[in-house]
Amino acid sequence: MQTLNVTLGERSYPIHIGCGLLADATLLGPYLKQKKAVVVTNATIAPLYLQALMDALAQAGVEAQPVILPDGEQYKNWETLNLIFDALLGSHCERSTTLIALGGGVIGDMGGFAAACYQRGMSFIQVPTTLLSQVDSSVGGKTAINHPLGKNMIGAFYQPRLVLADLSTLDTLPERELAAGLAEVIKYGLIRDPDFFVWLENNLDALIVCDKEALAYAVARSCANKAEVVAADERETGERALLNLGHTFGHAIETGLGYGMWLHGEAVAAGTLIAAELSAHLGWLTVDDVRRIERLFVRAGLPVNAPKLGAARYLELMRHDKKVQDGKLRLVLLERIGRAVMVDTASETDIAAAIEVRCT
């Protein structure tokens, strides 16, 4: 097991990464304020890993109640969130009761948002079971639900007390979900860690076949990158926004197509290529840089072209992005591979041209 720390003063917490962690009661026990917990998961994950977690909690003397939600991005809404509140209230949960999110990014986001809201904040633990959630969404305290006009537009910053990333759960991950997680892994190399990008070029095949040594390295390095950024900018007033490379375009894809049609990582991959094209248009990346980025995403099994929604529709959807400031659309672009920047000076004409290049 490897342990990293997110350093946020009194809100600091560890990230444990390894195999077989889910069933280790000694890892969970110290982070439970009382001997009562609610485990929020979904209908796909519950048959696979819920019992192991419930058994570990029982070994720690914890009374736990499962809450099983429907699976899918399309259920990341108020209606589904209320199912969590119904269970919390029905079980007379207190602020010191712990909510444990067992699942991917959707479960982590909804579980975290419910924990932030219930009695104005209850104890919360993340147990991510997808690659995307292990390397990105479970770390940093972003919680949210979707709105028909925009993804993740309703939420709160709320840090967990512990992140428990059991790499064994990736053994049952469908290939498409694994690829989606790789989009976020590649992102860290692009925005701030060029040596990691080179490592990914050399070791991607091992990640695709779920080699545990390679996965452990990639998850730990991704989490280390994110932990550093979050420690410096917890509430995204500056550097943290750079973690959203490809996301402004990607969220437009998810919202425009309808939530759940494309996986988040797939949309981010296509969005990253649009951002790369715009970066090249502005004179930063070379054509060879763009092709190098494209090759890595293709090898990972990810889309590098975006759906044809039309540039005008993309721009309309992007105006709901959380990075819009004073009415200006701000985009995360690449000065070079390994260095991202925030830009608010790109014209809509240039943005539209980059979108059209990738909407084929």
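The expected span of a helix is 1.5 Å times one less than its number of residues. In this predicted model, helix α7 has 15 residues and reaches 20 Å from its first C-alpha to its last, which is close to the 21 Å expected on that basis.

**Helix α7**

- Helix α7 covers residues 194-208, and at N202 the helix bends by about 60°.
- After the helix comes C210, whose phi is positive and lies near 60°.
- The buried residues of α7 include F196, F197, W199, L200, L204 and L207, and the buried residues of this helix pack against α6 (175-191), α8 (212-232) and α11 (287-299).

- Leaving aside residues up to four places away in sequence, L204 touches L182, L296, R299 and A300.
- Between L204 and T172 there are 32 residues in sequence, and their C-alpha atoms are 19 Å apart in space.

**Aromatic rings and a charge over a ring**

- A pair of aromatic rings is described by the distance of the centres and the angle of the planes.
- The structure holds four aromatic pairs, and one of them, formed by W199 and Y217, is tilted, with 4.6 Å from centre to centre and 40° between the planes.
- Because W199 lies in helix α7 whereas Y217 lies in helix α8, this pair ties together parts that are 18 residues apart in sequence.
- The two partners fall into separate accessibility classes, since W199, at 17% relative accessibility, counts as buried, while Y217, at 32%, counts as partly exposed.
- Ring pairs also link F196 with W199 and Y217 into a cluster.
- The charged end of K187 sits over the ring of Y188, at 4.7 Å from the centre of that ring.

**S138 in a loop**

- S138 is placed in the loop between α5 (131-137) and β7 (142-147), and with a relative accessibility of 1% this serine counts as buried.
- The side chain of S138 reaches the backbone oxygen of S133 at a distance of 2.7 Å.

Technical notes. Residues are numbered from 1 along each chain as its sequence is written. This is a predicted model: local features need pLDDT of at least 70, side-chain atom pairs count only at pLDDT 80 or more; totals for chains, interfaces and linings use all residues. Side-chain values use heavy atoms; hydrogens and water are left out. Helices (H or I, at least four residues) and strands (E, at least two) are DSSP runs, numbered from the N terminus. Buried means under 20% relative accessible area, exposed over 50%, partly exposed in between (1.4 Å probe, protein chains only). A polar contact is a pair of N or O atoms within 3.5 Å; within protein, one must be able to donate a hydrogen and the other to accept it, and residues adjacent in sequence count only if both atoms are side-chain atoms. Contact means heavy atoms within 4.5 Å. The bend at a residue is the angle between axes fitted to the seven residues ending there and the seven starting there. Rings of Phe, Tyr and Trp (its six-membered ring) pair if their centres lie within 6.5 Å; planes under 30 degrees apart count as stacked, over 60 as edge-to-face and the rest as tilted. A charge sits over a ring if NZ of Lys or CZ of Arg is within 6 Å of the ring centre and within 35 degrees of the ring normal.
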